[in-house]
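Here is a friendly briefing to read alongside the model. Have the viewer open and follow the topics one by one.

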Amino acid sequence: MKFSEQWAREWVNPAVSTEQLCDQITMLGLEVDGVENVASDFTGVVIGEVVECAQHPDADKLRVTKVNIGSDRLLDIVCGAPNCRQGLKVVCATEGAVLPGNFKIKKTKLRGQPSEGMLCSFSELGIDVDAEGIIELPQDAPVGTDFRHYLNLNDKAIEISLTPNRADCLSIAGIAREIAVVNKQPVNRPHFDVVPATISDKIDIELVAPEACPHYLLRLVKNVNVKADSPIWMKEKLRRCGIRSIDPVVDITNYVLLELGQPMHAFDASKVVQPVQVRLAKDGEELILLDGTTAKLQSNTLLIADANGPLAMAGIFGGQASSVTSETKDVILEAAFFTPLAIAGRARQYGLHTDASHRFERGVDFELAHYAMERATALLLEICGGESGEINEAVNEEFLPKVKKIQLHREKLDALLGHHIETEIVTDIFERLGFDVQYENNVWTVISASWRFDIDIEEDLIEEVARIYGYNSIPNNAPLAHLRMRDHQEAVLDLARIKTALVDSDYQEAITYSFVDPKVQSLLHPHQEVLELPNPISTEMSVMRVSLLSGLLGAVLYNQNRQQNRVRLFETGLRFIPDADAEFGVRQEFVLSAVISGTTSNESWNNKAQSVDFFDLKGDLESLLSLTGVGSKVCFVAKTFAALHPGQSASIELDGKEIGFIGTLHPSVSQKLGLNEKIVVFEILWNAIANRNVIQARKISKFPANRRDLALVVADEIAAGDVIEACKQAGGEKLTQVNLFDVYKGIGVPSGTKSLAISLTIQDNEKTLEDDEIHAVISAVLDEVKQRFNAELRD
């Protein structure tokens, strides 16, 4: 926003320079982007009056004038402006004056006639006003007065950049409040007399959409002279804030907008059929805007309308059909509070951006509309005359905003600022900001002002205290940190260790979205309830994942489509399982998942290509589990899963509880997902395997180890893992290692059985074992497997 420094100083005038004032504004959070002069430098320019004006004898377009500048004689000046005439108050550059561009005024002759000065236009004085001819001043302009002083041209236009939450400073009143607070000065609001109703006319209002417009005001002013000139002081204030003068009615509404921050609009009363409606647009409605363009209205757009149709886009742009023209006699003034959500985005929807929409979509003081209506009426009657009717207000208290009551705790203020500010100072800051405040038991209870709708939580109050107290007044002390060693248990397995092991095994880490395609997920987990997103990015990302497989298989497909058939990927992350007993109705579980496809190793001249299978991934998973403290306890139990191949899938169990699954993707599922090759996957709960065995140092035995091999014949359905586990339990401490090194079925082995070749390593830390001690271990093992599995030694 751009504003005039002199205009702001009419409200509050601290004894600081322009530079200091800009520094204060910036430190208040209203960043100053630029400062510029409102007019170029010039000297020797005064107010004059054209006493005589005659045609130049030798030039059709020139006039010879005598101008009174308050000196002892009249000046002879030749002027070529078409609007030069007798009795006009003008701006005169006298002999010796210096105009912008270092243009010096001297006595001269123009086509034989003497000229002792120059009657100036705005452009010749470096003032950005779109006007033709010389400057025409009001008849009460004092002759002989320095023109710079008359218009206060020793002024600066300051442009500030506001964050969206500080719309209260999109006005002179808002900026003045901030300046007054930081300088501890009162605000001098302009005084005007409230205009009483002199006619009984009252405009009827029908508030159809109170949730979008809970407060709407209209006032009829009759017999208005719209051809009157806007005062030059008003035109100048508008110009210095970046708004050009149009006509007195529009100028007044723009003036109130800049002065108070309340957007207003004016309708030609003869073009409006009562009652005036505030409603949402209907499909197919159109509105010709003030700039002549036609807007095809959408149903989310708030309108001001009457029985004949739309009159204006509420809070955004007026309509041409009800606009004020030079023929207008009666005017309806409008002021309203439109809720920010009702206006936000609507202007951009139609490719528009106006001063009104800029303010309404950020928020306008909801208690300001009546005061602004009185101010605009007073200005209108002062400038254009007329008779005012009663103000008609339509109010719906339910949808009007409410001022917030917030508590600020002393300890939190001190903690966040890192500095103690005296209680009396904090209280004074809140009072100067216009808040109601009470302090009791180290707690401030603050009721915010209607214009500060950004004050919502305790931290907002702390920010206000820091802002007004002054960031530079808070000591720049380094924070005091009490360092404490991080809690660390040696038994906790670092996830990075597992990731490193997978990378060393030729896997690549993938990171996929938590939002997945419901169709893909239903293929993989058809019986699992899922959490649907209320506002998804797309239909392909509309549910939360219940496993990491959806994303990983998508990554495999992406690679296969680019001729990368050997894929080995892993991922860690959360899966989201709906659970009524969990917080927020969803159970979040951190899992480790992996997928492999293609060949077991990279293509090589000395290796035969071999496709991956279930046992390749199982072996990699067992290697990972060996790094944990539960590797020896985890077992794989055959189980059927909907998306996995029967006979090639298993649940991963720990202490009888399922902690994951592993298996080959079912061919039909692979086909539906567009995958080729065999795909093997696993997923396991991280928390179940996140611990490791703490290393216990002990001496290496210096006594020899003894190896004995057993060939045990057992039934086909008996798992080798169960036999190995039984050997370990029966062998005791002397049995240090058990290994399955061969499985045989064929000649010499009965049908329906298999031969398991198992090596046993027997060793003692204290002595060399005798044969009978070794035989005792072997016997214990044989007895155990005989009893549990009916195992026999192979002949």
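This is a predicted model: local features need pLDDT of at least 70, side-chain atom pairs count only at pLDDT 80 or more; totals for chains, interfaces and linings use all residues.

Local features need pLDDT of at least 70 and side-chain atom pairs count only at pLDDT 80 or more, while totals for chains, interfaces and linings use all residues. Residues are numbered from 1 along each chain as its sequence is written, and side-chain values use heavy atoms, with hydrogens and water left out.

- Strands here are DSSP runs of E with at least two residues, helices are runs of H or I with at least four, and both are numbered from the N terminus.

**The β4–β5 hairpin**

- Strands β4 (residues 63–68) and β5 run antiparallel and are joined by five bridges, with Val64 and Val78 as bridge partners.
- Six residues lie between the two strands of this hairpin, and Gly70 in the turn has a positive phi of about 85 degrees.
- Five of the five residues in β5 (residues 75–79) are buried, meaning under 20% relative accessible area with a 1.4 Å probe and protein chains only; over 50% is exposed, and in between is partly exposed.
- Side chains in a regular strand alternate between the two faces of the sheet.
- In β5, Leu75, Ile77 and Cys79 lie on one side and Asp76 and Val78 on the other, and both faces are covered.

**Nonpolar cores**

- The largest nonpolar core has 54 residues, and Phe3, Ile25, Ile160, Met264, Leu333 and Leu380 touch the most other members.
- Such a core is a set of buried Ala, Val, Leu, Ile, Met, Phe, Trp, Tyr and Cys residues joined through side-chain atoms within 4.5 Å.
- Helix α10 (residues 369–384) gives the largest share of this core, eight residues.
- A second, separate core of 39 residues includes Val272, Ile304, Ala314 and Ala342.
- Beyond residues up to four places away in sequence, Ile160 touches partners including Met1, Phe3, Ile25 and Cys169; contact means heavy atoms within 4.5 Å.

**Rings and charges**

- The structure holds nine aromatic pairs, counted when ring centres of Phe, Tyr or Trp (its six-membered ring) lie within 6.5 Å; planes under 30 degrees apart are stacked, over 60 edge-to-face and the rest tilted.
- Trp233 and Tyr255 make an edge-to-face pair, 5.6 Å centre to centre with 80 degrees between the planes.
- This pair links helix α5 (residues 232–240) with helix α6 (residues 248–260) across 22 residues.
- Trp233 is partly exposed at 34% relative accessible area, whereas Tyr255 is buried at 2%.
- Together with Trp7, these two residues form one aromatic cluster.
- The charged end of Arg568 sits over the ring of Tyr507, 4.7 Å from its centre; the criterion is NZ of Lys or CZ of Arg within 6 Å of the ring centre and within 35 degrees of the ring normal.
- Lys618 likewise has its charged end over the ring of Phe636, 4.7 Å from the centre.

**Arg239 in helix α5**

- Arg239 belongs to helix α5 and is buried at 15% relative accessibility.
- Leaving aside neighbours within four places in sequence, Arg239 contacts Val38, Ile127, Asp128, Val129 and Leu153.
- The C-alpha atoms of Arg239 and Lys2 are separated by 9.9 Å, although the residues are 237 apart along the chain.

Definitions and conventions
Two strands pair if DSSP finds at least two bridges between them.
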